Each structure stands twice: as C-alpha cells, then as structure tokens.
Amino acid sequence: MAISKKMEKALNAQINAEMYSSYLYLSMASDLNSKALDGFSSWMKTQAQEELYHAMKLYDFVLERGGSVVLDTIEAPQTEWKSPLAIFQGAYKHELLVTSLINNLVDLAIKEKDHATNNFLQWYVKEQVEEEASADEIVQKLKLIGSQGNGIFMLDKEMGARAPLFAFPTGE
Ligand code: FEO
C-alpha cells in the first residue's frame with residue numbers, strides 16, 4: 001500500500017529538516033574550525049554526514065512506498081556563535097526540535113494506521129535518544145572545563161578521534 005498524500009508531504013518536510021540539520025552542523029563545523037578547534041570541527045562534520053544519511057533513509061523510504069520526493073529550499077543556517085559551548089547548546093536544542101518533529105510523524109502514522117511508516121520511524125525515535133544524549137554530553141563537558149586552557153585542547157583531541165561516516169576521495 002502506498003503512503004497517503006499527507007504522509008508523503010510530512011516525510012518530505014522531514015527530508016528538508018534533516019538536510020537543514022546537515023547544513024547547520026556544517027556551518028557549526030566551519031565556525032569551530034575558525035575558532036582553531038579542529039577536533040570539534042571534524043566531529044561536527046561527521047555529524048553533518050549523519051544528517052545526510054538520515055535524509056537519505058527517508059528519501060529511499062518515500063520512493064519505496066510509492067511516493068515522490070519533492071525537494072524544497074533549505075534554509076540558510078546561522079554562521080557564527082560566541083563560543084563552543086553556545087554551538088553545542090544550539091546543537092542540543094536543535095536535536096530536541098528534531099525529536100518533536102519525529103514524534104509528530106509517529107503520531108500521524110498511528111492516526112493513519114500506517115504501520116509500515118510507524119515501524120520505519122521507530123529507527124529515528126531510537127536515533128534521537130542518542131542524538132540528544134551525545135550533544136548534551138558535550139555541553140556538560142564544556143561547562144565543566146570552560147572555554148580556555150588545557151581542558152578544551154584535550155577535549156578537542158578526543159572529539160577529533162571520531163571517525164567519519166564516509167570519506168571523500170582525495171588527491172587530484
Ligand atoms: Fe537527524 Fe540529528 O537528527
């Protein structure tokens with residue numbers, strides 16, 4: 001059974017939200033880079049890749065269910081933040097918003113008795129628990145160590161160890 005038009009529209013909106021998340025985190029990665037925090041920046045670039053993956057999972061699901069993907073304008077994200085703490089507080093706040101969007105989609109799937117979409121969305125419900133927790137953990141660490149001194153450089157090194165989801169080809 002194909003998804004309803006209403007569900008198709010809602011899933012398309014979520015594709016846009018995930019693409020925006022990727023944009024936002026790329027913008028945060030750039031600002032972290034300009035703050036000489038290369039490890040934080042690299043972590044955030046990987047986060048942006050994850051968001052692209054979230055968008056693509058939805059993209060494939062819409063097509064698999066007989067719907068159409070209609071891509072909309074991606075809003076321009078903020079470009080500068082006052083501190084690494086402000087960046088990760090922003091990321092945490094954004095993840096809370098994404099969780100509420102996912103929950104709304106689940107509500108719609110339940111309302112429509114669309115079990116397949118509900119089942120698909122449970123992956124995102126679980127993922128959001130991790131997404132919120134990882135952003136919040138960094139917020140807490142940053143609060144503990146402050147923005148100056150040795151602590152931030154050690155945390156930067158730790159953050160830089162996160163492997164990318166995929167690597168782009170290098171060389172000429
Ligand atoms: Fe796609 Fe970070 O939620």
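Predicted model: local features only at pLDDT ≥ 70, side-chain atom pairs only at ≥ 80, totals over all residues.

Residues are numbered from 1 along each chain as its sequence is written, and side-chain values use heavy atoms, with hydrogens and water left out.

Helices first. They are DSSP runs of H or I with at least four residues, and strands are runs of E with at least two, numbered from the N terminus. The expected span of a helix is 1.5 Å times one less than its number of residues. Helix α1 covers residues 5-34. Its 30 residues should span 44 Å at 1.5 Å a residue, and the end C-alpha atoms are 44 Å apart, so the two agree. Just after α1, A36 has a positive phi of about 60°. Helix α2, residues 38-64, has 27 residues and reaches 39 Å from first C-alpha to last, close to the expected 39 Å. Just after α2, G66 also takes a positive phi, about 80°.

Is S21 buried or exposed? S21 counts as buried because its relative accessibility is 0%; buried means under 20% relative accessible area, exposed over 50%, and partly exposed in between, with a 1.4 Å probe and protein chains only. Leaving aside residues up to four places away in sequence, S21 touches E51, H94 and V98, where contact means heavy atoms within 4.5 Å.

Now the core. A nonpolar core is a set of buried Ala, Val, Leu, Ile, Met, Phe, Trp, Tyr and Cys residues joined through side-chain atoms within 4.5 Å. The largest has 22 residues, of which M28, F40, M44 and F88 touch the most other members. Two or more residues come from each of α1, α2, α3, α4 and α5 (149-159). The most, 6 residues, come from α1. A second, separate core has 17 residues, including I3, A55, F61 and L121. Back to F88: not counting residues up to four places away in sequence, its contacts are L32, F40, W43, M44, I138, V139, L142 and M159.

On a 1 Å grid over the protein atoms alone, a cavity is a set of points where a 1.4 Å probe fits but cannot get out; a pocket is an open set with protein on both sides within 12 Å along at least five of seven lines; and lining residues have an atom within 4 Å of a point. Grid points are joined across faces, edges and corners, and a volume is the space filled by probe spheres set on the points.

There is 1 cavity of 30 Å³ or more. The largest cavity has a volume of about 60 Å³. Its lining includes Y25, W43, M44, F88 and E131. At least two lining residues come from each of α2, α3 (84-111) and α4 (115-145).

The largest pocket has a volume of about 220 Å³. Both α1 and α2 give two or more residues to its lining, and α2 has the largest share, 6 residues. Among the lining residues are S22, K45, Q49, P164 and F168.

The second largest pocket holds about 160 Å³. K9, N12, A13, N16, V70, L71 and D72 line that pocket.
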